[in-house]
2 protein chains.
Amino acid sequence: MLKITRKVEYALIALRHMQQSPNNSVSSASQIASKYGIPQHLLAKILQQMTRDGLIQAVKGPTGGYKIKADLKKISLKDFFEKLEGPLGLMDCYFNTDCLQMKACNILSPIQKINQNMRDMFSKTTLLEITQ
Amino acid sequence: MLKITRKVEYALIALRHMQQSPNNSVSSASQIASKYGIPQHLLAKILQQMTRDGLIQAVKGPTGGYKIKADLKKISLKDFFEKLEGPLGLMDCYFNTDCLQMKACNILSPIQKINQNMRDMFSKTTLLEITQ
DNA sequence: GTATATACGACAATTTTAATCGTATATAAA
DNA sequence: TTTATATACGATTAAAATTGTCGTATATAC
């Protein structure tokens, strides 16, 4: 419960690795994967998604790889999480309104408050703070 | 990702229900289950655990049920979560030290900070605030 | 050309969560 | 004292989400 996924974990590790790459030179998926013990194909897929999301930039071909593209201090952890995993909420009913028990539910408004607290917390931290 | 479990959700619903019960009279598992559309046996098991945890008190036999026992304003949401689901952390490495990638991991200390933020947040909210 | 990289969808395995089932025990009430 | 209804609790199954693998296509440096 209340765990981040390996997908997000791997993405953070890769981002920090790139952040520390001298002169923002590219790192390949296989380099990163072997250094941190991450399944290579899995990491590749995650890096591809981050590329689509505009966080990093891909360079194809041999000597290719990935490097950071976005300004990490302008991206909150909340935005990062939501790019990778979709809407961020303790319960689905925070976004979905099709819960059948909606009428009977007695904890909706308390949950909404905690949700908001959590979202605020992750909104206040930037990706740069995490990766540098 | 970052979701609470149904177990915790059901527990909160039941607690709030008991909180609103006039004169702290007992509520049976089946009453609560049918009112909120929760599988009865599952709720029963959760209520039994809350009884063991000292949150509520059980009364056996017909006309029996459960009522609140603990002082809810003295119990934080963090304690409640941990009673039901164990240690609260974004990643297992917050508590387990047997991660094989520990040496190579480059996001350990950033993650620890976020973890602490999250734990602080849930420590500041009491169960009473949620259920009343 | 060839080797090495990204791109991407389909599929499989694993793990976690959710739910069910069976049986035992306690007790209020007829 | 019998019966119905409640809690107690472990075993098992089902469902869902996560994690990982595979195959194939495309780009490009050398």
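**Salt bridges and a helix pair**

B:Lys3 is partly exposed in this predicted model. Its relative accessible area is 25%. This lysine forms a salt bridge with A:Asp92. The closest N and O atoms of the two residues are 3.6 Å apart. B:Lys3 lies in the segment before α1 (6-19) of chain B, and A:Asp92 in the loop between α4 (77-85) and α5 (108-124) of chain A, so the pair joins two chains. A:Asp92 also counts as partly exposed, at 48% relative accessibility.

A search of the whole structure finds 12 salt bridges over all chains. One of them links B:Asp71 with B:Lys73. Here the closest N and O atoms are 3.3 Å apart. B:Asp71 has 32% relative accessibility and counts as partly exposed. B:Lys73 reaches 51%. The cut-off for exposed is over 50%, so B:Lys73 counts as exposed.

A further salt bridge is found between the side chains of B:Arg119 and B:Glu82, with an N to O distance of 3.0 Å. B:Arg119 sits in helix α5 (residues 108-124) of chain B, whereas B:Glu82 sits in helix α4 (residues 77-85) of chain B. The pair therefore ties together parts that are 37 residues apart in sequence. The relative accessibility of B:Arg119 is 12%. Buried means under 20%, so this arginine counts as buried. In chain A, salt bridges that share partners join A:Lys78, A:Asp79, A:Glu82 and A:Arg119 into one network.

Helix α5 of each chain was examined next. Two packed helices are described by the angle between their axes and the distance between the axes. The axes of α5(A) and α5(B) come within 11 Å. They cross at roughly 155°. Angles over 145 degrees count as roughly antiparallel, so α5(A) is roughly antiparallel to α5(B). The crossing of α5(A) past α5(B) is right-handed.

Which residues of α5(A) and α5(B) make the contact? On α5(A) they are A:Ile114, A:Asn117, A:Met118, A:Met121 and A:Phe122. On α5(B) they are B:Ile114, B:Asn117, B:Met118, B:Met121 and B:Phe122. By class, eight residues in the contact of α5(A) with α5(B) are nonpolar and two are polar. No charged residues take part in this contact.

Notes. Residues numbered from 1 in each chain as written. Chains lettered and ligands numbered in written order. Predicted model: local features only at pLDDT ≥ 70, side-chain atom pairs only at ≥ 80, totals over all residues. Heavy atoms only, no water. Salt bridge = Lys/Arg side-chain N within 4 Å of Asp/Glu carboxyl O. Helix = DSSP H or I, 4+ residues; strand = E, 2+ residues; numbered from the N terminus. Buried < 20%, exposed > 50% of the residue type's maximum accessible area, 1.4 Å probe, protein only. Axes fitted to C-alpha atoms, helices over the stretch in contact; angles between N-to-C directions. Parallel < 35°, antiparallel > 145°, perpendicular 65-115°, else oblique. Left-handed = near helix turned anticlockwise from the far one by under 90°. Contact = heavy atoms within 4.5 Å. Nonpolar A, V, L, I, M, F, W, Y, C, P; charged D, E, K, R; others polar.
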